[in-house]
Structure formats: structure tokens, C-alpha cells
Amino acid sequence: MIRIRRLFKIIRIVYRYRLDSLIDKDKLPLIARLLLSPAVLYGKPSDNRGERLRKALESLGPIFVKFGQLLSTRPDLVPADICAELAQLQDNVPPFKSAKFRQIVEQALDSSVDELFLSFETEPLASASVAQVHAAVLKDGSDVVVKAVRPNIEKVIGKDIALLYTLARLLAKYSQDGRRLRPVEVIADYEQVIYDELNLQAEGANASLLRHNFEGSQLLYVPKIDWAYSNEKVLVMERIYGTPVTNIDDLKAAGVNFKTLAERGVEIFFTQVFEHNFFHADMHPGNIFVNASNPEKPSYIAIDCAIMGSLSKDDQYYMARNLIAIFKRDYRQVAELHIRSGWVPESTPVNEFTSAIRAVCEPIFQRPLNEISLGHMLISLFTTARRFDMEVQPSLVLLQKTLLNIEGLGRQLYPQLDLWTTAQPFLDKWLKDRYSPKSLFKQFKRYAPDWMEQLPEIPPLIYQALQSMQSNEKSVKAVVPAAQAKSKLSFTRKWFPWVGGAAIGSGLCLAFPQSANTLSQLPETGIILVAIGLFILLLR
Ligand SMILES: Nc1ncnc2c1ncn2[C@@H]1O[C@H](COP(=O)(O)OP(=O)(O)O)[C@@H](O)[C@H]1O
Ligand SMILES: [Mg+2]
């Protein structure tokens, strides 16, 4: 019943904001066309379709607003004019009562607020669609913030997501333009994001790991989680007093070096993605603060670690090489890397794919470096690759979104920011370090226990292989003159140096890809091959 009421509300909003004008009505079934026909009574739609969509989402409530915010970070799918409008959506939801907040905290932590805290601020610090945050002081006098999820939000989300799925399926079925937006996929992505935000224990664990990764760093600080008072429903953490990164005037007044600040933002991003392989993927300005106590060397503070990303080892490696190839405008290599990484099918025609990539990237390179957006470049690249059947992995989408956020933020702080010059040495160093003897030794140490486990299985395997070679040889022996036939084993042994040598050679190529550009990606396999080669030579 409630759902039908909600559906009617949606239909009314569709009329009011003439959202019917966004779909291709001719292809709709008669019943749907009839249902939408009263929309004309609401007058001619304004030209600004983005604004109409934004207002409609605002009228539909916080879950839709949050969805609009997510859409605004997908310029790969949503047209630029709509993206710009949706980016203005604010999820300033009226707070729920502090008495209710206390009740949630008391239930989750099984003690009264008075027992838990020395003081507790009734007025919330912030209230959004999913969670609300209050400041408090612990019994030991430390300042903390307490975050709890809105009451009954799970039910509301469940219903709204179900509705969004219905709308997405309709859009996919009846609108060609709509289909291109991959609506069902986008809703699935949103569903994942919003449910992740409900589990505060997971958010706390992410914050703890991010904090650990930047322990002792001068770049980023993450507040400490108070695990004694935290669980799935409530999160208590150290209170931070940084300047919100959007308060440019305050940062200016503090004499902050904006160039350093912007460059440090880029450095943090690349460190998270390539060194830690664990990146904060909700880097919108509301979650970033600046510690300006040393204005020449300002540092960042990050909160709200509900959405984090990490890449597979292969994706991480190919992404780094791809970025370097883009920097060098080596489009052929970009195409080859897309194929080798398996992002596009192996059968992709390299020449055609190279030209398509060149066609989108080259015009972008005609602009001054500080106007080129790496994030947009990546989006154009993925959009092109989609035409060649690339299935963009969710982790890569998260990366692309975060890169856009970081870049946007960096340019807001320091418009001359040259992301390329800041990022390139970092990537070069990362790739070089990856194949340094130290790092190879580290990998060797990491995998050695597994190899030791497998080592006893190798001699029987080799023996079996030799036996099968021997029996193959037997079958051809009939045509070999008896005088020339040698002992099978010595015949096979004659090949040992070659087989062993080949294994060592190709192993080295794999382990040190820069020395042999053709084979590149599998240093671990390379090391294993070298070990097997040595073993075969010893057998001889
Ligand atoms: N550790 C903290 N110290 C100080 N303020 C905080 C802290 N954590 C959150 N806040 C305030 O609460 C707001 C919302 O917190 P956040 O974790 O981002 O929640 P949401 O998931 O609703 O975005 C932040 O923008 C910030 O103003
Ligand atoms: Mg936030």
C-alpha cells in the first residue's frame, strides 16, 4: 500500500518536473503513454533538464538525493549538463531527535550515555541521509564524536532501492538513450554503496587501516577509532579540529601554501592507490579537512571511510603502465595494455583500437597541461574501450571517480596544479621499485613458503613429464633407424640445458620486464621459472 502511494508520488513528480520529456515516449506501451499523458497539463518543460531532475530528486527524499550525488560522479555515463546540476545536491536532512540518538547509543553499547560520557552535546555536529554525528567527551576527558545510523533507515533504503530498480528497468527497456546509462548497473552500484554505509563497524575498520597506513606520515591524518565504544551501530572516534578544505578564505588567512597543499593531495591519492592499494573512495570535500598548524607544510585529515577501493594486483600494475603510456601519448601501448590486462577481449583489433584512443586523447593534449584532466582522460578512455567491449570493473570506476574528486579539489585549491608533473615521477618510481632487487627479494620471501610446500611435488612431476616424452618417443621410434636410437633418458637429458636455460631466460624476462618489453607482468612467475630452470640444470 505504502509502495503504491510512493509510486503515485513519483508519478506526480514526473509530471511536475516534466521528466517524461527525457524519455522516448513513442516506444512506450500504450498504458505507460496514457499514464504519462497528464504531464502536458503542467506546461512546457524548461530547457534545463538537469535542474528539473535535481529538483525531482530533492522532492523524493534523501535516498534519491544521495543517488543523484552518486550520478554526478559518473560523467562517463551522465551528460555533462546533468552532472553539473546534480553535483549541487546537498544531503542536508533534518536531524532526528537527540533523545532518539541517545537511545540508539545506549542500546548499541549497553550502558547509559551518562555512564559512557562526561558530557554529550545535544545539538548534532552533522546530520545526513544515513548517519548523524554528535560531539561528546569521554570519562577520561578526551574529545570524541559519536556517529550513529538513522533509525529505520534500512527499511526506507530497501523500499527506495526497490523503486529505483523498477524505474531503472523501465528506462533500460523503453529508452535507447536510457539504456546507454546502464541504469540497472548504476543502481546495483548505489545499493552496494549505501548498504556499506550502514555498517559502522566496517567503516571503523577501514579508518583504522587507513590510519595505520599513514602512521608517521606528514601527509594525512586519520582520527583514531575508540573500539571500546564502537560496533556496527555506533562509532566513537577522536574528534578532529581541522579547517574544512572548502573554507578557502580560512586557509588563506592561515597563510597556507596552496601549491604544496594541492600537490600533497595528489601524492596522497597516488600513495593510497599504488603503495597501499587501499584508497579512500569518498573524497568529497565534506570528508576532508586541513591541518594548517604548519602553513608551509599543510597536511590533510580524512574522515568518513565507509567507501574504500582497492585494485587487483594486475589492475594496479596495468593502471600504472597505462597512465605512463598516456603521459607519453603512446596510444599503441595504451591499446596493447588494455588487451594484455584482459580489460578488452584478446581479439580486439589493435590498430583500430589505437586510432580510437588517439582520436579521443590527442585533442585533449592540445590544451595547456594544467587544463588537462587526467580523470576525464581516463573516462574518455574507458568510454572508448566500452565500444570495444570493455566491462569496466567497479574498482576501476571507483578509482576514476576518486581521481576526478582529487583533481577537482586540487584545482580548486591551486588552479595551476600540473597533475601530470606531480604524478609522473611517482609512477615511474613505483614501477622501478617494483622490480628493484629489494622488492623482488621481498616477493621471494613472501612466496618462498608456498614454493617450499610445492617443492617435493616437482621431482615426481618432472619424472612423469619425462616418462610421457619417452613414450612419445617410443611411438616414433619405429621410423628411426635402430642404430641412431639412443637411450631415452640420455636423449631427454640432452635437452636439459636447453629447457633449464629457456626457463631461466624467460623467468628473467618476466621478472625484469623493462629489460624485455614484450613479457612484462608476472615477476612472481618469473622467479618461479628461474627456480625451476636452476632445478632442471641441477638434475642434469
Ligand atoms: N572525527 C571527527 N571530528 C570532528 N568532526 C567530525 C568527525 N567525524 C565527523 N565529523 C563531522 O560530522 C560530519 C559528518 O560525518 P561523516 O562521517 O562524514 O558522516 P556522513 O557519512 O554522514 O557523511 C563531518 O562532515 C564533520 O563535520
Ligand atoms: Mg561524510
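**Close-up views of a predicted model**

**View 1. The surroundings of ligand 1.** Ligand 1 is surrounded by 16 residues, the closest being Ala 126, Ala 128, Val 133, Ile 240 and Asp 304, where a residue is near if its C-beta atom, placed from the backbone, lies within 6 Å. Strand S3 (131-138) and strand S4 (143-149) are the elements that give two or more residues to this shell, strands being DSSP runs (E, at least two residues) and helices DSSP runs (H or I, at least four), numbered from the N terminus. The model is predicted, so local features need pLDDT of at least 70 and side-chain atom pairs count only at pLDDT 80 or more, while totals for chains, interfaces and linings use all residues. Residues are numbered from 1 along each chain as its sequence is written, and chains are lettered from A and ligands numbered from 1 in the order in which they are written.

**View 2. Helices H16 and H17.** The axes of helix H16 (residues 350-365) and helix H17 (residues 374-387) come within 9 Å and cross at roughly 160 degrees, the axes being lines fitted to C-alpha atoms over the stretch in contact, with angles from 0 to 180 degrees between N-to-C directions. H16 is therefore roughly antiparallel to H17, a term for angles over 145 degrees.

**View 3. An open sheet.** In this mixed sheet, 4 strands follow the order S5-S10-S9-S7, and two strands pair if DSSP finds at least two bridges between them. Strand S5 (220-221) and strand S7 (243-244) are the edge strands, each pairing on one side only. S5 pairs with strand S10 (residues 299-302) in the parallel sense over 2 bridges, and Leu 220 has Tyr 300 in S10 as its bridge partner.

Notes: Parallel < 35°, antiparallel > 145°, perpendicular 65-115°, else oblique.
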